[in-house]
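Please look over the sequence and the model together, and keep both in view while reading the paragraphs that follow.

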Amino acid sequence: MIRPALPLLLLLAAACSSAPAEPYSSADLEEARTLAAQGDYGAAYSALDDLERKYFDRASQGEYSLLAGDIAYQREDWDRSIHHYEEYLLFAGVARESERVEARLYEMGLELLEGKRKAFGIFTDRSRGIVTLHNLAAWAPRGPYAAKALVTTANYSFDEKEYGEAALDYRLLLEGQPGSIYTDLANFRLGICGYLQIDGPWVDERLIKHSAAQLRYYLENHPSGLYRPEAQAALSHLDHLKDERELNLGDYYETIGNVRGARYHYRKARLSSIAQISAEAEARLAALPEDPPLKRPAGEGSAG
């Protein structure tokens, strides 16, 4: 006997589900609610199986999402639980229940991120954990877990050396949760994320400048910051790289015979507070020949 594929069965089942003559109400959740209260979550799940959120009246849709999320959570069906809890936060979010939902979403997102929960018991789904925590911060921005969710994803990316992703989350944290207890860390790490992407003076000048500006901001605005020694050391290295870059650019222009370009960058390097770079720039300036005459565009004659 040929058995239909599972996706086809699901499609057929969905096709058989149609809208009721009248919208469902809170009363239609009573069986599932009673079974869940008795701890029979399998039966409660079955009682909800033929009911869809969209067929409930507006007043009951949030109640459906919360109950469905709770039942799925108790059955450790985290995909469904996250889905229904996110529906609840996005469309309902009654304050007295929201904190419990947010706590569970944070717990599930964190365990997915840490690889403690696996799809089919085999595969980790860390990206789902990141999305869950991002959604939690976006949909419950005034809740007690919003800042914690963002710093968790930022720190995870930072530890994985994904500094660009980490910087995005640290910035989101600073913009969305400016008074959180993580402000000191986020301001410091935002500068360090750029710093750690720099592997030499030849890197894009903007990355050096932006990283240095963020570290200066941190030092100026966090006089008692926990990370001041690390920030000062990184900033000193960035200043060295910036001046060394000018010296290297002068070398490049000298190599291709552009004396004016070489002189311009050597003069900038000469202003360095680092004695060695300043001395090298001075010596190279002294060794440069005179600037060649400026070339006029072809066909341009003298006046008169």
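In which helix does His84 lie? His84 belongs to helix α5, where helices are DSSP runs (H or I, at least four residues, with strands being E runs of at least two) numbered from the N terminus. This is a predicted model, in which local features need pLDDT of at least 70 and side-chain atom pairs count only at pLDDT 80 or more, while totals for chains, interfaces and linings use all residues. Residues are numbered from 1 along each chain as its sequence is written, and side-chain values use heavy atoms, with hydrogens and water left out.

His84 is buried, its relative accessible area being 11%; here buried means under 20% relative accessible area, exposed means over 50%, and partly exposed lies in between (1.4 Å probe, protein chains only). The C-alpha atom of His84 is separated by 9.9 Å from that of Val101, a residue 17 places away along the chain. Helix α5 covers residues 78-91 and also holds Phe91, which is exposed with a relative accessible area of 57%. Together with Leu90 and Trp139, Phe91 makes a nonpolar surface patch of about 310 Å². Patches are made of residues with over 30% relative accessible area and no salt bridge, with like charges joined within 9 Å and nonpolar side chains (Val, Leu, Ile, Met, Phe, Trp, Tyr) within 5 Å; the accessible areas themselves come from the Shrake-Rupley method with a 1.4 Å probe, and for residues only the protein chains shown count as cover.

Helix α4 (residues 58-74) can be checked by its length: at 1.5 Å a residue, its 17 residues should span 24 Å, and its end C-alpha atoms are 25 Å apart, which agrees. The expected span is taken as 1.5 Å times one less than the number of residues. This helix is mostly covered, since 13 of its 17 residues are buried. Gln74 has its C-alpha atom separated by 6.9 Å from that of Tyr41, although the two are 33 residues apart along the chain. Tyr41 lies in helix α3 (residues 41-49) and is partly exposed, with a relative accessible area of 25%.

After α4 the chain reaches Glu76, which is found in the loop between α4 and α5. Glu76 has a positive phi of about 60° although it is not a glycine, and at 53% relative accessibility it counts as exposed. Most residues other than glycine have a negative phi, and most peptide bonds are trans. Lys161 likewise has a positive phi, of about 65°, without being a glycine; its place is in the loop between α8 and α9, and its relative accessibility of 61% makes it exposed.

The loop between α8 (146-159) and α9 (163-176) also holds Glu162, which is partly exposed with a relative accessible area of 40%.

The charged contacts come next. With a salt bridge defined as a side-chain nitrogen of Lys or Arg within 4 Å of a carboxyl oxygen of Asp or Glu, the count comes to 16 salt bridges. One of them joins Glu205 and Arg245, whose closest N and O atoms are 3.7 Å apart. Because Glu205 lies in helix α11 (residues 205-221) and Arg245 in helix α12 (residues 228-255), the pair ties together parts that are 40 residues apart in sequence. Glu205 is partly exposed at 24% relative accessible area, while Arg245, at 16%, counts as buried.

Asp239 and Arg216 also meet through their side chains in a salt bridge (2.9 Å, N to O). Asp239 lies in α12 and Arg216 in α11, so this pair ties together parts that are 23 residues apart in sequence. Both partners are partly exposed, Asp239 with a relative accessible area of 22% and Arg216 with one of 34%. The side chains of Lys242 and Asp243 form a further salt bridge (2.9 Å, N to O), in which Lys242 is partly exposed at 33% relative accessibility and Asp243 is buried at 7%. Finally, Glu30, Arg33 and Glu63 are linked in a network of salt bridges.
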